[in-house]
Amino acid sequence: MSDVPFGFSPHDPDDKSGQQNPFDFSQLGNMLSQLGAMLSNAGSSTGPVNYDLAKQIAFQQLSAKQTTIGFTPDQSTAVTEAVHLAEMWLDPVTSLPAGTRTTQSWSARDWVERTIPTWQRLCDPVAQRMSGAWVDAMPAEAKQAAGPLLSMLGQMGGMAFGSQLGNALAQLGAEVLTSTDVGLPLGPEGTAALLPANIEKFTEGLERPASEVMVFLAAREAAHQRLFTHVPWLRQRLLDTVEEFAHGIKVDTSALEQLAGQIDPANPASIEEAMSSGVLEPQTTPEQKAALARLETLLALVEGWVDVVVDAAVGDRLPGAGALRETLRRRRASGGPAEQTFATLVGLELRPRRLRAASALWKLVGDQHGTEVRDSVWDHAELVPTAEDLDDPLEFAERLGNTRKALEDPIAELERTLREENPDKPSED
C-alpha cells in the first residue's frame with residue numbers, strides 16, 4: 001500500500017523549484033481529451049472518490065489473496081460467545097454500559113462493504129478539497145480553455161483516489177481483526193464485529209489458545225463500542241478534525257503540464273502513479289498540522305482508555321493477556337494497518353509513544369479518582385486531556401480533582417478561590 005495520502009508525497013512541500021511555467025494550454029487540452037476513453041470504464045460512482053472502483057479493486061485483491069472467504073458456523077458461534085463473555089468482564093471495570101446491540105462475524109469482503117460509508121465520510125473532505133483546489137487555482141484563461149473538460153479532470157481525480165483507497169482497503173481487509181482495529185468507529189453503530197479468518201492467521205505463532213485470543217480481541221472491540229456509543233460527541237469530533245485538515249489544503253497546479261506527460265491513457269495505473277508522485281504537491285499549513293496533532297491525540301486517548309479498561313477486565317482472567325497486550329502494541333509500532341491507512345488518508349501515523357502515554361494517564365486518573373470519575377472525563381469534550389496533558393499526567397489528575405470539587409460544591413470552591421486571591425482578608429466565619 002502506498003505510504004502517501006491521496007496525491008501527497010514525502011517531498012518537501014515548500015520546495016517550489018522548477019515550476020515557473022504553469023500551463024501549456026495545448027497539452028492541457030490533449031491530456032483531458034485522451035482521458036475520455038478510460039473514464040467510460042470507471043463505473044457509475046460520482047463525487048471526489050470513485051468508490052465503485054475502490055470496492056472493485058479491493059475485492060479483486062482480496063480474492064487473489066485468500067484461499068477461503070467467509071467463516072464457519074463454529075467461528076460465528078465463537079465470536080458471539082467471546083463478545084458475551086467480554087461484556088460481563090467489562091461491566092465491573094467501567095461505568096460506561098455495554099454499547100453492543102448486535103454481534104457479527106465478518107469476512108474481509110464484509111469488512112470492506114460495511115465500512116465503506118465511514119470511509120466515504122473520512123475520504124471525501126480530503127479528496128474534495130484536493131480536487132477543488134486544482135480548479136480554484138487555475139488561471140481564468142486555463143479554465144476557459146478547458147471548458148467542460150474540467151469535469152473530466154474531476155473524474156480523473158476520483159479514479160486516482162478510488163484506486164489508492166481500493167489498494168488500502170484490500171491490505172486492511174486482509175489484516176484487521178475487529179471493526180475498530182484502526183481506532184475509529186468504521187462499522188455500523190452498536191455493531192461489534194470480529195474477523196475470524198484474520199484472527200486465526202494472527203493467532204499463528206503466538207503460542208496462545210485461539211479461544212483466549214478471541215476473547216481478548218472481543219474485549220477490545222466491546223470496549224470501543226462502549227466508548228463510541230455512549231460518548232456522542234466523539235465520533236463526530238474525529239470526522240470534524242479530518243475536515244478541518246482538508247479545509248486548509250492548497251495545491252500548486254503549475255505542475256499540470258508535468259502531470260499530462262506522466263499519464264498513459266492505455267494504462268489506468270499510471271493515474272495513481274502520477275497522483276502519488278508529488279506532482280500536485282499540497283502545501284501543508286500550520287492549521288493543518290494543528291488539526292493532525294489534535295486527531296493524533298484524540299485517537300491516542302481512545303486507544304489508551306481501551307487499553308487500560310481491557311487490561312483491568314481480562315488481566316487476571318486470561319494468562320496470556322499481558323503478552324497479547326504487548327503484541328498488539330508492537331504490531332502498531334512496526335507499522336500495522338492503522339498507521340498505513342492514516343498515512344494514506346491524511347499523512348498521519350499513530351505514534352506508539354502517545355498511546356503508551358495515554359494509557360499511563362488513564363491508569364493514573366483511575367487510581368487517584370476512581371473508575372466513575374475517570375470515565376466521566378468523556379462526558380464533555382472540554383474535559384478531555386490534551387497533548388500537553390499527556391506530557392504531564394500528574395498535573396492533569398490534580399486539575400481534574402479540583403474541577404470535580406468545583407462541580408460538586410461550587411460555593412465552597414468559590415470561597416476557596418477568594419481566600420487564595422486575598423490571603424490577608426479575615427474570614428467572615
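Leu 194 has its place in strand β2, which covers residues 191-194, and in this predicted model Leu 194 is buried, with a relative accessible area of 0%. The protein around this residue has 19 helices and two strands, and 52% of its 429 residues count as buried. Among contacts between residues at least 6 apart in sequence, 83% join residues at least 24 apart.

**Leu 194 and Leu 217**

- Leaving aside neighbours within four places in sequence, Leu 194 is in contact with Val 79, Val 83, Gln 104, Ser 105, Trp 106, Leu 177, Thr 178, Ile 199, Met 214, Leu 217, Ala 218 and Glu 221.
- Leu 217, when residues up to four places away in sequence are not counted, touches Leu 177, Thr 178, Leu 194, Ile 199, Phe 202 and Leu 328.

**The largest nonpolar core**

- The largest nonpolar core has 96 residues, and those with the most contacts inside it are Trp 111, Phe 216, Leu 217, Leu 234, Trp 305, Val 314 and Trp 378.
- Helix α12, which runs over residues 286-314, supplies the largest share of this core, with 15 residues.
- In soluble globular proteins, nonpolar side chains tend to be buried together.

**Helix α8 against helix α12**

- Helix α8, residues 210-230, packs with α12 at an angle of about 130 degrees, and the axes of the two helices are 9 Å apart.
- An angle over 145 degrees would count as roughly antiparallel and one of 65 to 115 degrees as roughly perpendicular, and α8 and α12 are therefore oblique to each other.
- α8 passes α12 in a right-handed crossing, and the contact is made on the α8 side by Phe 216, Ala 219, Arg 220, Ala 223, His 224, Leu 227 and Phe 228, and on the α12 side by Val 302, Glu 303, Trp 305, Val 306, Asp 307, Val 310 and Val 314.
- Sorted by class, the residues of this contact between α8 and α12 are ten nonpolar, one polar and three charged.

**Helix α9 against helix α12**

- Helix α9, residues 232-247, also packs with α12, their axes coming within 8 Å and crossing at roughly 155 degrees.
- With 145 degrees as the limit above which helices count as roughly antiparallel, α9 and α12 are therefore roughly antiparallel to each other, and their crossing is left-handed.
- From α9, the residues Trp 233, Leu 234, Arg 237, Leu 238, Thr 241, Val 242, Glu 244 and Phe 245 meet Gln 288, Ala 291, Leu 292, Arg 294, Leu 295, Leu 298, Leu 299 and Val 302 of α12.
- The contact of α9 with α12 holds eleven nonpolar, two polar and three charged residues.

**A buried and an exposed residue**

- Thr 297 has its place in helix α12, and because its relative accessible area is 8%, Thr 297 counts as buried.
- Not counting residues up to four places away in sequence, Thr 297 touches Pro 385, Thr 386, Ala 387 and Leu 390.
- Glu 398 lies in helix α18, residues 393-408, and with a relative accessibility of 55% Glu 398 counts as exposed.
- Glu 398 and His 369 are 29 residues apart along the chain, and their C-alpha atoms are separated by 9.7 Å.

Notes. Residues numbered from 1 in each chain as written. Predicted model: local features only at pLDDT ≥ 70, side-chain atom pairs only at ≥ 80, totals over all residues. Heavy atoms only, no water. Core = buried A, V, L, I, M, F, W, Y, C linked by side-chain atoms within 4.5 Å. Buried < 20%, exposed > 50% of the residue type's maximum accessible area, 1.4 Å probe, protein only. Helix = DSSP H or I, 4+ residues; strand = E, 2+ residues; numbered from the N terminus. Contact = heavy atoms within 4.5 Å. Axes fitted to C-alpha atoms, helices over the stretch in contact; angles between N-to-C directions. Parallel < 35°, antiparallel > 145°, perpendicular 65-115°, else oblique. Left-handed = near helix turned anticlockwise from the far one by under 90°. Nonpolar A, V, L, I, M, F, W, Y, C, P; charged D, E, K, R; others polar.
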